[in-house]
Every structure is written in structure tokens, then in C-alpha cells.
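The points follow the order of fold, interface and local detail.

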Amino acid sequence: MNAAYWLPVIFAGLMGLAMLVYVVLDGFDLGVGLLLPLADDAGKDRMVASIGPFWDANETWLVLGAGLLLVAFPMAHGVVFGALYIPVLLMLVGLILRGVAFDFRVKARDPHRPWWNAIFALGSLLASLAQGVMLGRYLTGFADGALSWLFALLVGVGLSAAYALLGACWLIMKTDGPLQARAISWARHSVAGAALAVLLVSGVTPLVNPAIAAKWFALPQLFLLLPLPLGTVALFALQLIILPRLARRQAVGNDRYCWLPFAATVGIVLLAFWGLAYSVFPQVVIGRMDIWQAASDPEALWIILWGALLVLPCIIAYTAFAYRVFWGKADSLSYQ
Amino acid sequence: MELDALTLARAQFGANISFHILFPSINIALAWVLLFFKLRYLRTGKQAWMDAYGFWVKIFALSFALGVVSGVTMSFQFGTNWPGYMQTVGNIAGPLLAYEILTAFFLEAGFLGIMLFGRPRVSERVHTFATLLVAFGNSLSAFWIIALNSWMQTPTGFVMKDGRAHVSDWLQVIFNPSMPYRLTHMLLASGLTVAFLLAGLSAYRQLKGDRSAGNGAALKTGVRLAALLIPLQILVGDAHGLNTMEHQPAKLAAIEGVWHTERGAPLLLFALPNADTQRNDYAVGIPHLASLIIKHDLDGEIRGLNEFAQHPPVAKVFWSFRVMVGVGVLMLLTAWFGAWQLRRDAPAALLDRRLLCWLVGMTFAGWVATLAGWYVTEIGRQPWLVTGVLTTAQAAGQATTSMVAGSLLTYLALYAGLLLAYVSVLFHLAKKAAGQADAAVVLQEVQA
């Protein structure tokens, strides 16, 4: 085992970690953006307040993920983002619009406010859809043809549903009163969409990609892998059980275990991500390039690795600290 | 001019990075100014400083958001627009970019929430510390990115093997010959951008009837900061120019519009550099002054563009430089006159109406000078992407022309809209704050 072998493996792991953290963290705030049009004005303010202190840092994980791809697998960065040129453009437009609308909506003149709210929601939708399309295109190895594009679009819708679920569960945890009641109902609606999305990606990916099918449907690994789908099913079942009960209890002012739906959703994301990572690894562009072919020189990877080992624990520590500071129910934000 | 893929890729990258730099150039220094306001408040206990903090932290939040989203765009475009870049110099650019993300981006974004919204939830000390870390993170990110940019200008500390750059000495890579000059120049540029932004928006508030001490404190801070920094910037700019003469003489020749090597070169105030005839049309200059400034000798020799096989486009560099210096001179006059007018220490810092209007007009002077300066240094590096190692054309990607054209138009439309929204919201916030301050003063008078 030499450095040229395991350095790319470590960096694939780091990149995967960055993407996973991104999907969970920006997933909930994109989801809150998707749900924004459903709330009344006071609810909108509270929803935005619940993600206000976090969204900048959440988006930094995307920069880290894309940045690691650029610096550790430069050959793949060009191929992947070249092939995803248009969805990436749409995602960036979406992220730009929602990022600025977030600030403009409270700072612009009052008559402009509904416009910035709409832009916030539309930007969130555009970014979520585009990220799903990117995932769908990536999984088919950027195959041409109407069917693979249709698949990508469906993944886009599915990922948006998953983000909406994350966002709704975040709101269940971070709010109370009427908004919390509505968030529970939003979560109940988006569970079905998210479940469909997971089912679709899990079912279709082996169909469009025989190499992935071979990795899953062979003995003995099939048995070792079974916990992934079974765990996912169990977590979805848990959602279906707890959400109606939580709705009944919440109506009489008891929201104990309000964090459970969010934790269950994060669990689903973790399992789905693990499944995807298993399907793809060690390829970085499916069917074309593996991580060793795409990797930078070990000399560059070493120096980044030392930095990452030193700095990542600090990042995790102060991110945790920031979440602790804003722990509990979200109150209205003020700069004072 | 034919719009080929290379031109479009350059235009797109240029548009993105120009839009992006507007916001870091505010955030880098504004974070330190906010820390200053906070520390003054802690020391004096005067509410005016906290009022100034409360208003300017909103501007900071808005600028930070724009900086983040335009920065995300950059992280995708390095690979899509310039695939040859990472292939050739990835061993240098990769670690520098990674360190910027890991040490700086997370630090500033991680503590931003506490800085903006955390005051009711954390102690005063933690809040001040969060402000300090955000300021430090912002400056640290400037350090890394300017180290990389300067290395592209004046590369050292590496060897080429099989067409790829390999680091031989990281200290030489990071602290390459132009890096200390460019970093200082940029940090001062950020300070000046913020100084004029502070002065301009505060002047606007005063014009709208705001006589609050908080606004006066911000106005005085802006004008005095500008008066302090502008002479430093002129000194550093001169040193940076000498550094350019030593390491990038072709860029210097383009800046001065010297087509043919000459002794006792004039400082050209106006000219239309003509690439076809290799001379300047309608030149107006001060004899011997360019030689005096650059060589510190009236008859010093300046190497002309004729000595270089490849040199940057002259007119763009020549004029960008004159815009930068021209705005710098205006800044000097404005700042010193303003500081003289403000020499008495009255809390509300009331100024003459004409001076206030002038300051409002100069609000974004820093942006103009900063952009012009970056155009000098970036266009001045052409045709190289990394001097002597890789040309811009070699690094360009294969994206089709129509796709790049479409995305370029999308970005341009988006950026134009956002810039308009940003500027108008800034003035809207100032007007609103002025109205509230005015009401508060009236209330005090009624109660008295």
C-alpha cells in the first residue's frame, strides 16, 4: 500500500464527507426556502429567522466539496462540471438569487418584500432541482437520450421533495405554535415524495448502470448491504408513525421528541448517501475515470491532507458551537 | 473582433471575478471597522458607537451574502473555464485554494451568525471575539488568494517536470517577489473602499437630516481613515510599480505607454496607444517625469514594448492605470480637505452641504479604483496566465461557444440586477436610518 494508492482514497472520503454535510445542512435551509410560500407573513419571518445564522456556513460546505474535487481530482472537475455546465449554471443562479433575497427581503422597501420572498423560494427551488438533475446526470455517466434526461429530472423533483422534508422537520424542531403544526403537515406530505425519490434512484440506478447492479446483486455482499435498504424502510416507517402522533400531541401543547423527525430524516440521507457512495466508488466519473486516474500528484495531496487534518476538527468544533449558541426554538432575528 | 471560445471564456471569468471582488473589497476592511466600533463602544460606553455598529453590520451582512454567492460561482469556474490551469500548476494552486477554503472561508462563515445575530445569546466578550474572528478570516482569505495570484504574476519556488509545476520551496511560492506588495496594496485598497463608503453613506444620511452622534462617528471614521490610508497607498503603489519594473517589465512598458526603449521618458497624462503603428496618438505628457518616478533619474532608461516578444494589450492597461491613479488623486484631495473640515471634534460632525454631496458622489470611488487596478495587473499579465509557464489560451477549455455565450449573458443580466438592487438598498437603508434618527432627535427635543 503506497501513498499514491491511499491518498486518493482518503480524498474521495473527505470529498464525500463534505458533500454529505452539505446535503444535510444546506438541504434543510433550501427546504425551508421551498416551503416559504406556504406560510403566512409572520411565519415567513420566523422560518427565515430559523436558518439565518447558519446558511452562509452551510453553503461553504459546497465550496469545500467542489473545491476538493478541483484540487484533488482536477481531471474529473473539468469533465464533471463541463458535462454539467447547464445544470451547474442554473444551480448557481438559484443559489445567488436565494442568498441575496435572504438579506434583501428584510432590508429593501416594504412593497418590494413579496418579490424578494418569491425570489427566495424560486431560487431555492431552482437550486434544489438543479442539484437533483446534476446527481441524475452523474449517475447515468452523462448518457445522452431522452430517457436519461427524464431520469435526471425525476431525481431533481425527488431531491427537492427530500429537501422539503428536511426543511419541514427542521421547522418542527425549531418552532412552536401554529407554524409548528403546519410544518408537521408539510412533513407528512413530503415524506411520500422523498420515499418515492429514494425508491426511484435505488431502483433505476442499477438498471441504467449494469456495473452498479453487479456490485449490489451478488452474494455475499447482498447480505452485507441489506441493512441499507432495510434501515431506510424502517426510518420511513418511523416517520409515518411519529408524524401523526406528534400532530395530535402538538395540538394540545406537547411537542416532546420534536427533534425525532429531523433525526430520522438525517438518518435516511446518511443511508442513501452510503448506498450511492458504495455504488460509485472507486470511480469518480462513472464508466470513464477512477479516483487514481483523476488524482493530483501525491505531493499536493499530502500538503492539503495535513492542513485538513489540522483544521477540520476546529471547523467541526466551531460549527457545533454556532449551532449550540442558536439552540432551541428560533426567535426573531435582530442585529442588536 | 471575432467572439471565439477563448474570448468568451475570458469575458465570463472576468465578469464573474469583477463582480466578486466588489464585495470582498468591502468586507475585508469593514469587518475591522466593525471591530473598531465595537471596541470603542466597550471602552467609552457611548451608545453612538453601538448605533454605528448596528447600522454598518447590516451593510456587512448584505455584502457578505453577495460575496459568498459570487464566490461559490468562482469555485465552479476554475475547472470549467480553465482546465489546463490545474493540469499544469495544480500542485501549487490546489493547496493554496484548499487552505483558503479550510482556514478562511469556514472561519468567517462559521462565526458570522454569532457576529450578526448572537448578541442576545452570548456574552459581550464572545460577541467581540466572533467579530474579531470574522475580520481575521476575511483578511486570511485575501492572504491566500493574493499569494496564488501573485505567484501567477511572478512565479518562484518551483521546477517544471513533464509539463507540470512541482513545488521546490513553499515559502518561495507563497512569499513570491510581488506578493508582499500586492497584498499590502489590496488591503489598503479595501480600507479606502470602506472609508469612502462610510463617508458617502453617512454624508447621505446627514443630507437627509440625520444629526445623530452614531452617524457622525461613522462619518468621521470614514474621512479620517481615508486621509490616513491614501498617502500610504500612494507609497505602496509606487513600490509596487518598482517591483513590476523589476519582474514584469512588459507590463510596466504598457502602463507607461513606452513602445520603444527610451531615456528620459515623459509621464503621459493622455494618449491613445495605437497597436498598429506602435506609437501613441495625441500624446500629452510631462517630460522626463516617468523616468524620474520609475528610475529616480531624469534620464533613466525605460525598456519599451519593442524588447518583448510577447506583451499585453497596451491601451487597456494604459487607461486602466490612469483611471486608478486619477481616482486616487481625487481620493487624496477629498480625504484631506474633509479631514481638515472635520478637525474640530463635534459629535454630529456637521459638514457643508456641497462637501456632503461630493462625498455621496465618491461613495463607490474605491470600487472604481480597485477594479481598474485589478485590470492593470491582470490584463498586464497577458498573454500569460502564469508568467512564462502557461498562456491563457493553453489553459482554456472546450466548452462550446454558444453555451458560454448563453451563460455569460445570464450572469451579466443577473449581476446588473443585483448591483442595482445592492446600491439602491444601501441608500434605502441609509434613508430609513436617517428618518429614525431624526425622529429620535425630535422626540428628545419634545421631552426636553
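1. A residue is called buried here if 20 or more other C-beta atoms lie within 10 Å of its own, exposed if 12 or fewer, and partly exposed in between. By that criterion, 51% of the 336 residues of chain A count as buried. The model under discussion is a predicted one, and the remarks below should be read accordingly.

2. The overall build of chain A comprises 14 helices and two strands. Its radius of gyration is 20 Å, close to the 20 Å that the globule rule gives for 336 residues, so chain A is as compact as a globular protein of that length. The C-alpha trace of chain A spans about 60 × 40 × 40 Å along its principal axes. Among contacts in chain A between residues at least 6 apart in sequence, 78% join residues at least 24 apart.

3. The annotation of chain A deserves attention. An unreviewed UniProt entry places the feature "transmembrane region" at several stretches of chain A, including residues 83-102 and 146-173. In the model, residues 83-102 of chain A are 95% helix and 0% strand, with the end C-alpha atoms 30 Å apart. Residues 146-173 of chain A are 100% helix and 0% strand, and here the end C-alpha atoms are 41 Å apart. The UniProt record also lists residues 6-39 and 301-326 of chain A, among others, under this feature.

4. How many residues of each chain take part in the contact between chain A and chain B? The model brings 52 residues of chain A into contact with 58 residues of chain B. On the chain A side, the elements that give two or more residues are α3 (55-72), α4 (74-83), α5 (85-107) and α14 (298-325). The largest share, 13 residues, comes from α5(A). By residue class, the side of chain A that touches chain B divides into 34 nonpolar, eleven polar and seven charged residues.

5. Two hairpins of chain B may be examined in turn. B:Phe158 stands opposite B:Val167 in β2(B). Two residues lie between the strands of this hairpin, and B:Asp162 takes a positive phi near 50°.

6. Four residues lie between β4(B) and β5(B), and B:Gln278 in the turn has a positive phi of about 55°.

7. Is B:Pro383 buried or exposed? This residue is found in the loop between α12 (365-379) and β7 (384-386) of chain B. B:Pro383 counts as exposed because it has 12 C-beta neighbours inside 10 Å. Leaving aside neighbours within four places in sequence, B:Pro383 is in contact with B:Gln310, B:Thr391, B:Thr392 and B:Ala393. The C-alpha atoms of B:Pro383 and B:Pro312 are separated by 6.1 Å, although these residues are 71 residues apart along the chain.

8. B:Val126 is found in helix α4 (residues 124-153) of chain B. It has 16 C-beta neighbours inside 10 Å and therefore counts as partly exposed. B:Val126 and B:Ala217 are 91 residues apart in sequence, and 24 Å separates them in space, C-alpha to C-alpha.

Methods:
Residues numbered from 1 in each chain as written. Chains lettered and ligands numbered in written order. Predicted model: local features only at pLDDT ≥ 70, side-chain atom pairs only at ≥ 80, totals over all residues. Contact = placed C-beta atoms within 7 Å. Nonpolar A, V, L, I, M, F, W, Y, C, P; charged D, E, K, R; others polar. Pairing = 2+ DSSP bridges. UniProt positions renumbered as here; feature names shortened; annotations may be inferred. Rg over C-alpha atoms; globule rule 2.2 N^0.38 Å.
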